[in-house]
Amino acid sequence: MKIAPSLHLSCLSIDNDMNILKREVEHADIRKALAFWCEMNKFQGIIYPTENDYKAAKGDEVQIKKLAKILAEARIRNKKCQPDGICDENYGKESHSSPGDNKDERTCYNAAEFEAYHEIDSRKPEDKVLKFRVTCIRNGTHCFGSQDAAYHVGGRLQDMFHWIVDLNFYDLEIMLNIREDSMYYGMTLTKESKHHRNINFFGPTTLRATICYNMLRLGRPKVGDIIIDPLCGGGSIPIEGSLAFKNSYFICGDIHEKAVNRTQCNLDHLECGTQSYVDVLHWDATNLVLRDSSVDIIVTDLALMFTAGLWKLTKKLKINIGGLEAGVYVLWRLKESAAGLSAAPKKEISQAHKRQCSS
C-alpha cells in the first residue's frame with residue numbers, strides 16, 4: 001500500500017488532476033507489492049508480459065468471452081431465474097428486456113457466463129497474462145468522479161505493465177481511496193470481502209469485522225486484559241477480538257434481548273474447533289454490574305456525547321463505512337477525575353476503564 005498525504009489537486013482541471021494521480025502510480029514500488037500478491041494468491045501466469053504477449057492474450061480473451069456469452073445465453077434461454085432460485089422455461093421468450101434489466105436475472109446470467117468462461121478456457125495457468133481492474137472510493141469535492149480516477153490510473157498501469165483490463169474476470173484488483181487532497185492505494189489480497197467474516201446473524205447496524213479488528217488494535221490489548229463492549233449488537237467486536245487476541249478476555253452485553261440472542265447465535269455458529277473467550281450478558285449499559293477496576297479496555301460502537309473531565313482524546317481517525325464517513329476515537333481515562341464521579345454513581349464504572357475505542 002502507498003499513501004500520498006498531499007496531492008495538490010487543483011479541483012479545476014480534470015486533465016491536471018488525472019496527471020497527478022498517474023504520476024503517483026508511476027513512482028510507486030508496485031513490483032514489490034505484486035510479488036507478495038502473487039505469493040498470497042498462488043498466481044502462476046505471466047506477470048510482466050511483453051507487448052506481443054499482451055496482444056496475443058487479448059485476442060484469446062475476446063474469443064473466449066464471445067464463446068462463453070453464446071454458451072451462457074444458450075443455457076439460460078429456456079430458464080427464468082427467480083429470486084428463490086427456481087427456474088422455468090419461459091426466460092427470454094416473451095420478455096423484451098435484457099438480462100441486465102433485472103437484478104436477479106443479471107445475477108443468474110453472470111453466474112452462467114462465469115461458468116461457461118472457465119469451461120471454454122483451455123489455457124494453462126502459466127500461459128495466461130495477468131488481468132486486472134482498478135476500483136476507486138472517493139470522498140470530498142473534486143472535479144472528477146470515481147470512474148474517471150479508476151479509468152486513468154488503470155490506463156497508466158496498462159501502459160506500464162501490459163496487463164489486460166477485465167472488470168469481471170480479473171485476477172488482481174487495485175483499490176484507490178481518495179479523500180479530499182490525499183490518497184492511498186493498494187492491492188486486494190482476496191476477491192471476496194472479509195467484512196462479514198464470522199457473522200451469520202446480522203442486525204440493523206452490524207459493524208464490519210474489518211473495522212472491528214482495527215478498532216481493537218487501536219486499543220492495544222495485552223495478555224490478560226479484560227475487554228468489554230457494553231453495546232454489542234450482534235457481537236462483531238467481541239467475536240473478532242476473541243479470535244484475533246486470544247490472550248485477552250471479552251465481556252459484552254446489550255439492553256435488547258434480541259441483540260443478546262443474536263450475539264450468542266453468532267458465537268454458536270463459529271467454525272468447529274474455534275475457541276472464543278466471550279461472555280454475553282443482558283444488561284443496561286448505564287448501570288453495568290461490574291466491579292470497580294475490573295475492566296482494562298472498552299471497545300464499542302456508539303456516539304460519544306461528552307468526555308469533559310473524564311477522558312483524554314489521544315487519536316481521532318476518519319473512516320469510510322459503505323460510503324458514509326464515520327469517526328474512530330481513542331480515549332484514555334484520566335486518573336485525576338475519579339474523585340469527581342461520586343456525584344454520578346451510574347457513571348462510576350468508568351473509573352476502571354483505562355482505554356476506550358469508539359466509532
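I looked up Glu173 first: is it buried or exposed? At 8% relative accessibility, Glu173 counts as buried. My cut-offs are under 20% relative accessible area for buried, over 50% for exposed, and partly exposed in between, with a 1.4 Å probe and protein chains only.

The model is predicted, so I keep in mind that local features need pLDDT of at least 70, that side-chain atom pairs count only at pLDDT 80 or more, and that totals for chains, interfaces and linings use all residues. Residues are numbered from 1 along each chain as its sequence is written, and side-chain values use heavy atoms, with hydrogens and water left out.

**Salt bridges**

I counted 12 salt bridges in the structure. The term means a side-chain nitrogen of Lys or Arg within 4 Å of a carboxyl oxygen of Asp or Glu.

Glu173 pairs with Arg133 at 3.0 Å, N to O. This pair links distant parts of the chain, with Glu173 in strand β6 (residues 172-179) and Arg133 in strand β4 (residues 131-139), 40 residues apart. I took strands (E, at least two residues) and helices (H or I, at least four) as DSSP runs, numbered from the N terminus. Arg133 is partly exposed, at 22% relative accessible area.

Next I checked Glu325 and Arg179, whose closest N and O atoms are 3.0 Å apart. Glu325 is in strand β13 (residues 324-333) and Arg179 in strand β6, so this bridge ties together parts 146 residues apart in sequence. Arg179 is buried at 17%, whereas Glu325 is partly exposed at 49%.

Then I turned to Arg75 and Glu119, which form a salt bridge with closest N and O atoms 2.7 Å apart. Arg75 lies in helix α3 (residues 51-76) and Glu119 in helix α4 (residues 103-120), so the pair ties together parts 44 residues apart in sequence. Both ends are partly exposed: Arg75 at 34% and Glu119 at 44%.

**Helices α6 and α7**

I asked at what angle α6 and α7 pack. Helix α6 (residues 209-219) and helix α7 (residues 236-244) pack at about 65°, with axes 9 Å apart. Axes here are lines fitted to C-alpha atoms, for helices over the stretch in contact, and angles run from 0 to 180 degrees between N-to-C directions. On the α6 side, the residues that meet α7 include Tyr213 and Leu216. Ile237 and Ala244 are among their counterparts in α7. Contact means heavy atoms within 4.5 Å.

**Leu231**

I found Leu231 in the loop between β8 (226-229) and α7. Leu231 is partly exposed at 35% relative accessibility. Which residues does Leu231 contact, leaving aside neighbours within four places in sequence? They are Gly253, Asp254, Ala285, Thr300 and Leu302. Ala285 is 54 residues from Leu231 in sequence, yet 6.8 Å away in space, C-alpha to C-alpha.

**Positive phi**

Most residues other than glycine have a negative phi. I noted Asn198, with a positive phi near 65°, in the loop between β7 (182-187) and α6. Asn198 is partly exposed at 29%. I also noted Ser293, with a positive phi near 60°. Ser293 sits in the loop between β10 (278-282) and β11 (297-300) and is exposed at 60%.

**Whole chain**

The chain has 8 helices and 14 strands. Of its 359 residues, 38% count as buried.
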